[in-house]
Amino acid sequence: MKILAVESSCDETAVAIVEDGRRVLTDCIASQVELHKLYGGVVPEIASRKHIEAIYGLADQALETAGLCRGDLDAVAVTYAPGLIGAVLVGVNFAKAAALALDVPLIPVHHIRGHIAANYLAYPDLEPPFLCLVVSGGHSLIVDVEDYTVFHILGSTRDDAAGECFDKVARVLGMPYPGGAALDRMAQSGDETRYPMPHTKLSGNPLDMSFSGLKTAALNLIHNSQQKGEELDIPSLCASFSLAVSEMLVPRTMEALRQTGRTKLAIAGGVAANSRIRGDFQRETAKLGVSLYMPPLKLCGDNGAMIGAQAYYEYLAGVRAGQDLNAYATMPIDR
Ligand code: KG4
Ligand code: ZN
């Protein structure tokens, strides 16, 4: 089954064609990052306008690069939540028109479910149940993936998302948006013990996370040193900060594995590209004898292929949308 999958929830317009949820026939992306860099973050109105400009051409490009024609498509899938509402709407409206014109089913896909499904593309043998840590610009969740369309949130951030914090600290350090990857690179040559970061204590669910205290501590350190005219060791600050984020994510995820008894761990979302976090998971899962699944970097960030992968399993579960499909800025993954 060949699914045309559309993703437009943030600053990447993406159209992919995925066969049977596992085989990527083409994965086209038009990134707007260079444009939003000028403003230090995503400007929602500009994102929507750029999606409109890109999406039709990108769909044609997807067919062409896959060597397919419109009649070869069996369904159209689209991210319908969560995301920047105007941006998501562009994809939803395009997908509705495409499904209507091609007379094929329309499959709505939750963006975060898509991030998790990126693992099915990277690992053809991976099947639920497994545990997944989803860390992106907008979400930080520990999810039990009981089945392809059955999810349980075991822990989540109480405040900021991990990616948001990486981006904020990177921005104050003068790195261009989105700064997570640049901060990661800078951290490679730093000393992670140089700037000890606070460890936020949380009451209640031990699998919940918090990043705002960490972010504030890093920002205060930067501002204080600027005010005093002291030179900061930026690589070491990046390394110390990355270590602290990893120490928020990795032990909680390992605890979730112990609690659930799951023997497989996947990671997903843009922050899953972080080298420190990947390295820490490799070490810790090896100790526990748990299989670790980490998508390649290009499947960690937003893309259309991950939407096509999840769409196949949503389709098998009977999920369909009509022409009244709406877009939603927020929506829980386990609805
Ligand atoms: O999943 P994603 O592409 O978009 C959302 O759905 O939010 O995630 C984007 C986030 C950004 O905050 C970006 O800075 C972060 O992922 N990111 C990283 C790295 N690569 C991307 N954060 C830390 N280290 C990285 N190597
Ligand atoms: Zn995303």
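Buried means under 20% relative accessible area, exposed over 50% and partly exposed in between, with a 1.4 Å probe and protein chains only. M248 is buried by this rule, with a relative accessible area of 6%. The structure is a predicted model, in which local features need pLDDT of at least 70 and side-chain atom pairs count only at pLDDT 80 or more, while totals for chains, interfaces and linings use all residues. Residues are numbered from 1 along each chain as its sequence is written, and side-chain values use heavy atoms, with hydrogens and water left out. Helices (H or I, at least four residues) and strands (E, at least two) are DSSP runs, numbered from the N terminus.

**Sheet with β5 at an edge**

- Five strands form an open sheet in the order β3-β2-β1-β4-β5, and the pairing is mixed; two strands pair if DSSP finds at least two bridges between them.
- β3 (23–31) and β5 are the edge strands, each pairing on one side only.
- Direction ignored, neighbouring strands of this sheet are turned by 20° against each other on average.
- Strand β4 (residues 75–81) pairs with β5 in the parallel sense over five bridges.
- Within this pairing, A77 has I107 as its bridge partner in β5, and T79 stands opposite V109.
- Five of the five residues of β5 (residues 106–110) are buried, so the strand is largely enclosed by the rest of the structure.

**Sheet with β8 and β10 at the edges**

- Another open sheet has five strands in the order β8-β7-β6-β9-β10, again with mixed pairing.
- Its edge strands, β8 (150–156) and β10 (291–293), each pair on one side only.
- From one strand to the next, the twist averages 25°.
- β9 and β10 are paired in the parallel sense over three bridges, and L265 stands opposite L292 in β10.
- Helix α4 (residues 111–122) packs on this sheet and touches β6, β7 (140–147), β8, β9 and β10; its direction makes about 120° with that of β6.

**Helix pairs**

- Two packed helices are described by the angle between their axes and the distance between the axes.
- α4 and helix α11 (residues 305–316) pack at an angle of about 95°, with their axes 7 Å apart.
- That makes α4 roughly perpendicular to α11; angles under 35 degrees count as roughly parallel, over 145 as roughly antiparallel, 65 to 115 as roughly perpendicular and the rest as oblique.
- Residues of α4 including H111, R113 and Y120 meet residues of α11, among them M306, Q310 and Y313, where contact means heavy atoms within 4.5 Å.
- By class, the contact of α4 with α11 has nine nonpolar, four polar and two charged residues; Ala, Val, Leu, Ile, Met, Phe, Trp, Tyr, Cys and Pro count as nonpolar, Asp, Glu, Lys and Arg as charged, and the others, Gly among them, as polar.
- Helix α5 (residues 162–172) packs against helix α7 (residues 212–228) at an angle of about 5°, with the axes 10 Å apart.
- That makes α5 roughly parallel to α7.
- C165, K168, V169 and V172 in α5 meet K215, A218, L219, I222, H223 and Q226 in α7.
- This contact has six nonpolar, two polar and two charged residues.

**Nonpolar cores**

- A nonpolar core is a set of buried Ala, Val, Leu, Ile, Met, Phe, Trp, Tyr and Cys residues joined through side-chain atoms within 4.5 Å.
- The largest nonpolar core has 45 residues, and those with the most contacts inside it are V169, L183, F211, F241, V245, L249 and F281.
- Elements giving two or more residues to this core include β6 (130–135), α6 (180–187), β9 (264–268) and α9 (275–288).
- α8 gives the most to this core, with twelve residues.
- A second, separate core of 35 residues includes I3, L121, F130 and A266.

**Selected residues**

- Leaving aside neighbours within four places in sequence, L183 is in contact with F166, V169, A170, M175, C238, F241 and S242.
- The C-alpha atoms of M248 and F211 are separated by 8.0 Å, at 37 residues apart along the chain.
- E284, in helix α9, is buried with a relative accessible area of 17%.
- Beyond its neighbours within four places in sequence, E284 is in contact with V250 and M254.

Terms used:
Chains lettered and ligands numbered in written order. Axes fitted to C-alpha atoms, helices over the stretch in contact; angles between N-to-C directions.
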